[in-house]
Structure formats: C-alpha cells, structure tokens
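Colleague: I've got the model open and I'd like to go through it piece by piece. Can we start with a strand and work outwards?

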Amino acid sequence: MEYSSLPDLKHLATLRAVVEQGGVSEAARLLHIGQPAVTKRLRALDSCYAVSLMQRQGRSLELTPAGQRVYAYARLVLDHQASLLDDLENLRSGRNKLRLEVTFVIGERLLPSLLLRFSENYPEYEIESRMGYSRHIQRRLATGLSDLALLEQAPDHPEILVQKWLDDELVLVCGKGHPLWASGLLPVTELGRLRYVLREPQSSMRITLDKALKDIGIERLPVTMEVGSTDTIVEMLQHGGHVSFLPRFAVDDALQAGSLYHIKIQGLRINRTLWIARTRSNLKSAAAEAFIQLLRDGL
C-alpha cells in the first residue's frame, strides 16, 4: 500500500466540519483556523482522491456523490480515532471500560436494571452504553467502535461472534377498552381488519414481524401509526382503539398487572431469540466477560 497518498486526518476532520456545521466559515470557527485554511484542506482532499468532493449550489456547498463516500469514510475514521484515544487513556489510567450497545427496546426495558446490577457487582469496571438500530450496532461492533452488544437479530459477519441470551416472542396485545379484550382465539384472517400502532419499519421487532406475516401471505397490516418508542405504544394502547405486536419481555409486567391483554392468534406464533454479540478481537476483555456472566446469572 502507498501510505504516502493517504489523506491527512485534519483534512478529513475539516470536511466533516464543513458538512456538519453547514459551511466553511462555521467549520473555521469550530476548528479555530481561518477560512482560507479550510479551503486549502478541502482542495488537498480533492487532490488526494483526484475528484471534486464538494460543489457549490447557490450560496451553499454540497457533497458530490464522491464526496458523500469520502464523508462517510471520514466519519468512520474519526470515530475510530476518538475510540482509540479513549482506549489508550483507559490503559494509561488503569481503567477497564466496557462499551455496550443495545437495541432501543432492550435499552428501554432491560438495560436500566442490568446497569445497576453491573455497577453493584463489578464496581471496578466502567460501562458506557448507547442505544441504536441493529444494523447500526452491528456496523459499530464490526469496526471496533463497541465491545459488546445485545441484539434482537443475530449479526452475519465473520468478525462478530454471537451466543444465545433469551427466548422471546412477539405478541399481539390490546388495552382494556378494545373490543378484543378477553376474547378467544383470533383467526389469522382477522389480522387485516384491526387498527395497529407499531414500531417503525427499521426496528428489529418490525423487521421480524413483517417477515413472519409475509411468510403466511400477509403483505402488510393496516398501520394507523408508527412510533419509535415501545413505552409510548404501551401507553397508547391503554386508550383502547388500537392493537400492537410487541416483545413479550416488554409487556410481561403490563400483562400480569392486567393493563394489557394478550390476543392469541390461531395458528401463528412469532418466536425469536435475543443475542449477545462481541468481536473476535475483544475476547479477552475482563469487563465484557463480567457483563456476560451477569446476563447468564439472569435478569
């Protein structure tokens, strides 16, 4: 590889600043340099890649198709740099930090108690957690930006190892005011006549649901609303007009308390698995091993 032709990190940071701050002058203020220096760095990137990365549209600069790819690369490289500096600082200070990522519903429903238990049982470790969509988490895990992940879908990547964590099921539920409250088995043919509030299409549970329904010949449900929070959906169901498919672990308390009702569907069960995922390069992390042991000990 010709290392002398690689772009300078400062140049990549400048491109990112121009894009995210909205212009050359804004990027100059953020980077504490003059506007001519910003322009010079952008031109150096153009020369490095032998293609124009930005073009002027009216009074603003926009990325070219090539610039969009370089910008995505710049974000990845700079995020890795920040992660590396953080790791080195942890080594210098003797800290042992775990970078944990979870999907949104796991973060809403299971993560708080896990974090508290981990802090109580392993006070010698620090933990940094964040929530996201499965595909984003998998990318961050595979590229070394996180150490451990709790997912609703098993990643398919050669550098990511997975192990089973929990069994789960997507269940159809409604609130007390709904006509199906305390009903018997619902024929699967009736699913298309209900009004649904569901998670957004890019969520793991929605991807699983859509596939399961498509497998039995249901292309789409009459979705009235799509909401990016499972807790919000649970609250909305209390008003009685809608139903929703939600993870059993997220609604168990409400089912036991009698504030939600599980509508059983004739001939349809949507079973799934929750997964623990980690990278091959991080198999010797004591913090990750401690957290996995916590998971194995039960919620």
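Predicted model: local features only at pLDDT ≥ 70, side-chain atom pairs only at ≥ 80, totals over all residues.

Colleague: Which residues of β5 point the opposite way from L148 and L150?

Modeller: In a regular strand, side chains alternate between the two faces of the sheet. In β5, L148 and L150 share one direction, and the residues on both sides of the strand are buried. The ones pointing the other way are A149 and L151.

Colleague: While we're on β11, is T273 buried or exposed?

Modeller: T273 belongs to strand β11. Leaving out neighbours within four places in sequence, T273 is in contact with L151, E152, K164, L166 and D167. The cut-off for buried is under 20% relative accessible area. T273 has 18%, so it counts as buried.

Colleague: How many bridges join β6 to β11?

Modeller: β6 spans residues 160-174 and β11 spans residues 270-279, and they run antiparallel. The number of bridges joining β6 to β11 is 10.

Colleague: What does V171 pair with in β9?

Modeller: Strand β9 is residues 243-247, and it pairs with β6 in the antiparallel sense over five bridges. The bridge partner of V171 there is L246.

Colleague: Then which residue of β10 is the bridge partner of V173?

Modeller: β10 takes in residues 261-263 and runs antiparallel to β6, with three bridges between them. V173 also touches L237. In β10, the bridge partner of V173 is H262.

Colleague: You mentioned L237. What is its relative accessible area?

Modeller: L237 is found in helix α9, residues 230-237. Beyond residues up to four places away in sequence, L237 touches V173, G175, V197, H242, V243, S244, L246 and L260. L237 is buried, and its relative accessible area is 0%.

Colleague: How far apart in space are L237 and S259?

Modeller: Along the sequence, L237 and S259 are 22 residues apart. In space, C-alpha to C-alpha, the distance is 9.2 Å.

Colleague: On to the helices: is α1 parallel or oblique to α2?

Modeller: Two packed helices are described by the angle between their axes and the distance between the axes. Here the axes of α1 (residues 9-21) and α2 (residues 24-31) come within 8 Å and cross at roughly 120°. That makes α1, relative to α2, oblique.

Colleague: Is that crossing left-handed or right-handed?

Modeller: The pair in question is α1 and α2, whose axes cross at roughly 120°. Their crossing is right-handed.

Colleague: How many nonpolar residues are in the contact of α1 with α2?

Modeller: From α1, T14, A17, V18 and Q21 meet V24, E26, A27, L30 and L31 in α2. By class, the contact has two polar residues and one charged, and the nonpolar ones number six.

Colleague: Is H32 buried or exposed?

Modeller: Most residues other than glycine have a negative phi. H32 has a positive phi of about 60° although it is not a glycine, and it lies in the loop between α2 and α3. With a relative accessibility of 72%, H32 counts as exposed.

Colleague: What is phi of A182?

Modeller: A182 sits in the loop between β6 and β7. At 56% relative accessibility, A182 counts as exposed. Its phi is positive in a residue other than glycine, with a value near 65°.

Colleague: Zooming out, what percentage of the residues in the protein chain is buried?

Modeller: The protein chain has 11 helices and 11 strands, and its C-alpha trace spans about 70 × 50 × 35 Å along the principal axes. Among contacts between residues at least 6 apart in sequence, 74% join residues at least 24 apart. Of the 299 residues, the buried ones make up 43%.

Terms used. Residues numbered from 1 in each chain as written. Heavy atoms only, no water. Axes fitted to C-alpha atoms, helices over the stretch in contact; angles between N-to-C directions. Helix = DSSP H or I, 4+ residues; strand = E, 2+ residues; numbered from the N terminus. Parallel < 35°, antiparallel > 145°, perpendicular 65-115°, else oblique. Left-handed = near helix turned anticlockwise from the far one by under 90°. Contact = heavy atoms within 4.5 Å. Nonpolar A, V, L, I, M, F, W, Y, C, P; charged D, E, K, R; others polar. Pairing = 2+ DSSP bridges. Buried < 20%, exposed > 50% of the residue type's maximum accessible area, 1.4 Å probe, protein only.
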